[in-house]
Amino acid sequence: MRLSQAIHKLRYLASLSRIAQSLLAIVMGFLAGGIMLWASGYNPLKSYEIMFIGDSESGVQGAFGGYLALSNTLREAAFLTLTGLAVAVSFLAGMFNIGVEGAMYIGAFAAFLVGYFISLPLNPFTNLFHVCLALLGSIVAGAFWSYIPAVMKVKRGAHEVVTTIMLNYVAILTTKMIVLRAFLPKTGIVPGGILTPPISLSARVAPIPLPSRAELTLGFPLAIVVTLITYFLLKATTLGYEIRAVGLNPRAAEYGGVNVGKALIYSMVLSGAISGIAGACDVLFVEYRFNSLFSPGYGFDGIAVALIGRLDPIGTALAALFIAAIHMGARSLQPALGMPKELAMAIEGLIIIFTALPEALNMLISKFKGVKVRK
Amino acid sequence: MNYLILASLLIGTLRTSIPLIIGAIGEIFNERAGITNIGIEGVMLFGAFIAVYGTWLAQNPFIGLLWALLSGIAWGLIFGAISTHLRGDQIVAGIGINVFAMGFTEMMIPLIWGTYGYSESVNRLPPLFQLYGERISYFLPLTVLLAVLSSIVLYRTKWGLRLRSCGENPLAADAAGISVYKVRYLTSVFSSILFSLAGAYMGIDWNDSFVKEMTGGRGFIALALVIFANWKPLLALAGGLLFGFFDALQFRIGAALGVGVPPQVPQMIPYIATILFLLAIGRVRGPSAAGKPFVKE
């Protein structure tokens, strides 16, 4: 009894220090970002205030500065939660999957095909049916796309970092090519990318209206549901246990009777399925069409999100909210100060680098603790 | 196919293979010394940016080259610390470097030049000579020299032996009196200088400006080339020409295939070829201790 209590206490402390590590990585990222802002001639504190709250002079809303800004932040958080989860389930198995971006494009394109080529008479039942069908299409397509590098890794030992990056380029170029060939005469090119014609009315879900012109897209509740399902899959099923065991120590897992190759493939299929849903969210809930450049790099942001969330589904969802706030904040910096929004990506990169240094962060944390004890 | 197209394809192959070979040789040194840096793409992109910026400020491409050299040293020291004293997760840190470089360079373009996505044109490095109206770069003979010298240093000198022992069995190397950390710091600085100069080549020699994400995954293709070359510099030289051929093909095959083929098909060639190469090679064993932090008892 005492032993198990001690173990519980240890686990609690370990999880606390992991949260402390993530928070410290974020603080370090922001410090370094502040230095970049300062070096570019901006006041870092003022800039961060504009990012998160807003600027009263120019009337720009920060990420949490009002209903409209908040609803934009939540829409962004939905994408980042999904791509973060997709990265987390593959990283948990030890697969360094950089291919979420590509699987997302394939998933979005599949959702578009189901939404465009099927047209149902409009009523709530057919609407629900059609949307579920399109989601299913994106899940299957995304899962298939991520299955490819997984099999290459298991059967031929092909380095997944290289193959997934290469497949990203292939996915983005292939979808662009098909859109150009088959749909361009009917639509046109906008600065953001090449657009297809819109999907059927029965495959669209309108956002829920909120006060002051704000609206909540279905992506956010869907992302929460996927988070809970992923949490359940990882923590309460044999498959989830096997995935985590393989990630911790593949050799030990193999001696323990786990089929390592199978666990790797399942983790990637799961990752691809979630990436596919992320892509479908843009087509079914936001743009109602496929845009050949719809993602501003959500798949890569997912890496930062998953790592800040320490590969835990709930942590990932919280981290997604935070990174979404940085994104929307950086977007309000552009009109308010003229600081390009790519600042967000630079800060994210720094946060990823700092999360790669748990031991260094632990040393810092224990130093802070040491100061307290002496007092 | 007429001779002019063939000549242009060959010159194009030489031109595109340069950053791949330099990047791969840098990573071969890294992994032979026990470091895995997948941030090649990021350091390259940063090198291209800083070289163009330095050239633009000083109106002199050699100053730009010097800036890229300094940037390489800085990244090498940072990654050296991550892979030694800080005992970091090298794969995650490498991903972080790539994301940072992508965001930072794209952020700096409008702050410096006031345009989005591309910089102003700058002076290029002078070419070695012109052939059929195409530039032949100084980087070409230097890359061949680099491959030959690297092979000699790694396999025929005591420094090479020491370096390789740090990547195969750092504990034994330490017992033999080699400072594993010192070797890894020096190697990391040397390889990051190579990555950065490969980027500078793309910015101020092959091209004359900085374009966002202009490295286009070549840092990752170099990573594949390391595996393809079985961690040997001379094989990286040969393999780099092969990979470079497929990279060059994308710019020239469009005309040969005719109007009916969408431009995205040739654009995909280098990426698909890289995957096929990896599949053909199959499972290989690199240096045992690559990517693992070394903890001295």
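The legends below describe close-up views of a predicted model.

**View 1. Helix 7 of chain A meets helix 8 of chain A.** Helix 7 spans residues 219-236 of chain A, and helix 8 spans residues 238-248. Their axes cross at roughly 75° and come within 5 Å. The two helices are therefore roughly perpendicular to each other. Helix 7 of chain A contributes Leu233(A), Leu234(A), Lys235(A) and Ala236(A). Facing them in helix 8 of chain A are Leu239(A), Gly240(A), Ile243(A) and Arg244(A). By class, this contact has five nonpolar, one polar and two charged residues.

**View 2. Helix 2 of chain A packs with helix 12 of chain A.** Helix 2 covers residues 44-52 of chain A, and helix 12 covers residues 313-337. The packing angle is about 115°, with the axes 7 Å apart. That makes helix 2 of chain A roughly perpendicular to helix 12 of chain A. The crossing is right-handed. From helix 2 of chain A come Ser47(A), Ile50(A), Met51(A) and Phe52(A). Among their partners in helix 12 of chain A are Ala325(A), Gly329(A), Leu333(A) and Leu337(A). The contact holds eight nonpolar and three polar residues, and no charged ones.

**View 3. Trp56(B) sits in helix 2 of chain B.** This helix runs over residues 40-58. Trp56(B) is buried, because 22 other C-beta atoms lie within 10 Å and 20 or more count as buried. Beyond its neighbours within four places in sequence, Trp56(B) is in contact with Glu120(B) and Val122(B). Ser119(B) is 63 residues away along the chain, yet its C-alpha atom is separated from that of Trp56(B) by 9.5 Å.

Notes
Residues numbered from 1 in each chain as written. Chains lettered and ligands numbered in written order. Predicted model: local features only at pLDDT ≥ 70, side-chain atom pairs only at ≥ 80, totals over all residues. Axes fitted to C-alpha atoms, helices over the stretch in contact; angles between N-to-C directions. Helix = DSSP H or I, 4+ residues; strand = E, 2+ residues; numbered from the N terminus. Parallel < 35°, antiparallel > 145°, perpendicular 65-115°, else oblique. Left-handed = near helix turned anticlockwise from the far one by under 90°. Contact = placed C-beta atoms within 7 Å. Nonpolar A, V, L, I, M, F, W, Y, C, P; charged D, E, K, R; others polar. Buried ≥ 20, exposed ≤ 12 C-beta atoms within 10 Å, placed from the backbone.
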